Amino acid sequence: MTQQPTQSPQFFLTAPSPCPYLEGQFERKVFTHLVGDKAPELNDLLTQGGFRRSQNIAYRPACETCRACVSVRILAQEFQPTKNMKRILRQNADLIGTAHDAEPSTEQYTLFRSYLDARHKKGGMSDMTVLDYAMMVEDTHVSTQVIEYRRRGPDSFITGKGEGELMAVALTDTMGDGLSMVYSFFNPELTDRSLGTFMILDHINRAISAGLPHVYLGYWVNGSRKMAYKVRFKPQEHLGPQGWERVD
């Protein structure tokens, strides 16, 4: 199942399972493997077509009775933060994000475990071990980085490196047309900082600096409170039957 396909990628369909976002619904996914030299190119094409990456798998919903999942990407170069978003940026001005190779650490896993236990105790990832976490980070054949957010130390402006407590982490893919936020987590006790929103704002700034047009946020699920935050970052585009459509 993890061998590189010799020609065109093969796609598979999962069996129905209870939807984690909408009660009473059942989800199915279509997926393929992202391995080998062609993985970055294939990941770009599939992400633009509404797929998401998890380790060396690209998947998208293929539910039989529901179309609530909508792929969302922010138009980074046109983005204008709201008054509240500017406040969040000021509130986290003492943090610095440093990009590293896709390598896990014990410190990351400790924070990840705290985040899951506080925010997703009954979720599908709740029983992930340190080995599972390592696979989530390392098992990638595309351009992936781990961005660590720490408090600024006294020499941060000189060294360009963050110091002190690890506050948040983002696992991020760099593609030809943008950044894809694969997964992110943060210290669940620091609710006043709105670290989830801060990381998205930081990725928008990173995309702007790199001249990339998009930040991919994955799926907004219409009717799910957990996913409501994704539509706050305007302008953005939603993937529909006619392709990507602008939402202001």
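How many helices and how many strands does the protein chain have? The protein chain has six helices and 14 strands, where helices (H or I, at least four residues) and strands (E, at least two) are DSSP runs numbered from the N terminus.

Hello everyone, and a word on the source before we go on. This is a predicted model, in which local features need pLDDT of at least 70 and side-chain atom pairs count only at pLDDT 80 or more, while totals for chains, interfaces and linings use all residues. Residues are numbered from 1 along each chain as its sequence is written, and side-chain values use heavy atoms, with hydrogens and water left out.

Let's take the overall shape. Along the principal axes, the C-alpha atoms fill a box of roughly 50 × 40 × 35 Å. Of the 248 residues, 45% count as buried, meaning under 20% relative accessible area, with exposed over 50% and partly exposed in between (1.4 Å probe, protein chains only). If we take contacts (heavy atoms within 4.5 Å) between residues at least 6 apart in sequence, 66% join residues at least 24 apart.

Four of them form an open sheet in the order 1-4-6-5, with antiparallel pairing; two strands pair if DSSP finds at least two bridges between them. Strand 1 (12–13) and strand 5 (52–54) stand at the edges with a single partner strand each, so one side of each is left without a neighbour in the sheet. Strand 1 pairs with strand 4 (residues 29–33) over two bridges, and there Phe12 stands opposite Phe31.

Please look next at strand 13 (residues 236–240). Over three bridges, it pairs in the antiparallel sense with strand 7 (residues 69–75), where Ile74 stands opposite Gln236. Strand 13 also pairs with strand 14 (residues 243–247), again antiparallel, over five bridges. Those two strands form a hairpin with two residues between them, and Leu239 stands opposite Trp244.

On to the helices. Which residues of helix 3 are buried? They are Gln108, Tyr109, Leu111, Phe112, Arg113, Tyr115 and Leu116. What covers them includes helix 4 (130–138), strand 9 (144–151), strand 10 (166–175) and strand 11 (178–186). The 14 residues of helix 3 (residues 106–119) should span 20 Å at 1.5 Å a residue, and its end C-alpha atoms are 20 Å apart, which agrees. The expected span is 1.5 Å times one less than the number of residues.

Helix 6 (residues 195–210) has 16 residues and reaches 22 Å from its first C-alpha to its last, close to the 22 Å expected. Its buried residues include Leu195, Phe198, Asp202 and Ala207. After the helix comes Gly211, whose phi is positive, near 75°.

Let me finish with one residue. Is Asn43 buried or exposed? At 2% relative accessibility, Asn43 counts as buried. Asn43 lies in helix 1 (residues 39–48). Leaving out residues up to four places away in sequence, Asn43 touches Leu34, Arg53, Val142, Asp173 and Met175.
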